[in-house]
Amino acid sequence: MAENVGPHDDPELLARFNTRVASGEQIEAGEWMPAEYRFEALRLIQMHANSEIMGALPEREWIPRAPTLARKMALTAKVQDEVGHAMLLYRVAETLGRSREEMFAELVEGRSRFHNVFHYPAETWADVAIIQVFVDGAAMQTQGALRSCSYAPYARVLKRICYEEDFHIQLGLDVWRALAEGTPRQRAMLQDALNRWWTPIIHFFGMPDRISPHSEKMLAWRIKVKSNEELRQQFLRRFVPIILEYGLDVPDPALRMVEPEQRYVYTEPDWEELKRVGRNNGPKSAERLALRQAFYRQHAWVRDAVAHGAAA
């Protein structure tokens, strides 16, 4: 994403803006905002949009192989929802000054980022359950908090997205239960998928706050509402009990709850892996970007037809 930070915001406007945000007001599209606020909000929303559209790909691979017609139809509907979320989010990002065409070109050319979890393979049907319960569950912790963020168009669109994501988690829990209560082979497949996804899910919330370069300013402006670690702990409190309820093993043997603080202690993951994957160097990054690029070229005629129709 191109740098867009202006160092010379009007001091009076900046002070008024800071007072408004600190008092809980939200900022509407078209209102004055500091260049750095615009840059950080756009960076966040563009990455969210990219992640929704790239996140459709791992589950899309399983539509033809889902075990029943009902599962295929449900998965198709979910994939459509995720692509729809991306379109809504690109529209919000456009209100901050970049065109959808620019953002999409950056994505398919590998010049912008999408969430770490969508750089990994979905090897078995159990991976679909993990994505729908735990990846969507992790996303709900972040997006649920952002419904009260300071940029009003983003907060509004997240209300609809969260409603649908919550339904996706319920869909995933149905698959999870079927496998967890199934044959020994199905339970083993589910445990294997959980083991492979655990570190990417812990990474999902980002670097520790003490070394995250963006957290302090984004929290001060309420572009983010909770810190990375607050969201990680919120996720663990809600989803570790689901693993234990079904008698599966939490993939981190050092994980334990500190009851007085209602906080989990966990094994520190390899943060270098998160940095590497975030730079589009994950195990599936190149393949998925190539697929998205191929679709983008293949559907150029649709964009041309729409553009000519609008001009006529």
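1. The confidence score pLDDT is the predictor's confidence in each residue, and it runs from 0 to 100. Helices (H or I, at least four residues) and strands (E, at least two) are DSSP runs that are numbered from the N terminus. In this chain the confidence is highest in H7, at 98, and lowest in helix H12 (residues 300–311), where the mean is 84. Averaged over the chain, the pLDDT is 93, and 98% of the residues score at least 70.

2. A word on how to read the numbers below. This is a predicted model, in which local features need pLDDT of at least 70 and side-chain atom pairs count only at pLDDT 80 or more, while totals for chains, interfaces and linings use all residues. Residues are numbered from 1 along each chain as its sequence is written, and side-chain values use heavy atoms, with hydrogens and water left out.

3. The next point is the interior. A nonpolar core is a set of buried Ala, Val, Leu, Ile, Met, Phe, Trp, Tyr and Cys residues joined through side-chain atoms within 4.5 Å, where buried means under 20% relative accessible area, exposed means over 50%, and partly exposed lies in between (1.4 Å probe, protein chains only). The largest such core has 88 residues, and those with the most contacts inside it are Phe-134, Tyr-154 and Trp-176. Among the elements that give two or more residues to this core are helix H1 (11–22), helix H2 (35–60), helix H3 (69–94) and helix H9 (228–245), while the largest share, 14 residues, comes from H5. In soluble globular proteins, nonpolar side chains tend to be buried together.

4. Phe-134 can be followed through its partners, with contact meaning heavy atoms within 4.5 Å. Leaving aside its neighbours within four places in sequence, Phe-134 touches Ala-129, Trp-176, Leu-194, Ile-201, Phe-235, Phe-239 and Ile-243.

5. Two packed helices are described by the angle between their axes and the distance between the axes. Axes here are lines fitted to C-alpha atoms, for helices over the stretch in contact, and angles run from 0 to 180 degrees between N-to-C directions. Angles under 35 degrees count as roughly parallel, over 145 as roughly antiparallel, 65 to 115 as roughly perpendicular, and the rest as oblique.

6. How do helix H6 (residues 152–180) and helix H7 (residues 184–203) cross? Their axes come within 7 Å and cross at roughly 125°, which makes H6 oblique to H7. On the H6 side the contact involves Trp-176, Ala-178, Leu-179 and Ala-180, and these meet Gln-186, Arg-187, Met-189, Leu-190 and Leu-194 in H7. By class, this contact has seven nonpolar, one polar and one charged residues, where Ala, Val, Leu, Ile, Met, Phe, Trp, Tyr, Cys and Pro count as nonpolar, Asp, Glu, Lys and Arg as charged, and the others, Gly among them, as polar.

7. H7 also packs against helix H10 (residues 271–278), at an angle of about 80° and with the axes 10 Å apart, and the two helices are therefore roughly perpendicular to each other. Thr-199, Ile-202 and His-203 of H7 make this contact with Trp-271, Glu-273 and Leu-274 of H10, and its residues divide into three nonpolar, two polar and one charged.

8. Val-157 has its place in helix H6 and is buried, with a relative accessible area of 12%. Leaving aside its neighbours within four places in sequence, Val-157 is in contact with Leu-88, Leu-89 and Val-92. Val-157 and Arg-91 are 66 residues apart in sequence, yet their C-alpha atoms are 9.9 Å apart in space.

9. Most residues other than glycine have a negative phi, and most peptide bonds are trans. Arg-222, however, has a positive phi, near 60°; this residue lies in the loop between helix H8 (215–220) and H9 and counts as buried at 19% relative accessibility. Asn-280, in the loop between H10 and H11, likewise has a positive phi, near 65°, and is buried, with a relative accessible area of 14%.

10. Finally, Arg-256 is found in strand E1 (residues 256–258) and counts as partly exposed at 49% relative accessibility. Leaving aside its neighbours within four places in sequence, Arg-256 is in contact with Arg-263, Tyr-264 and Val-265.
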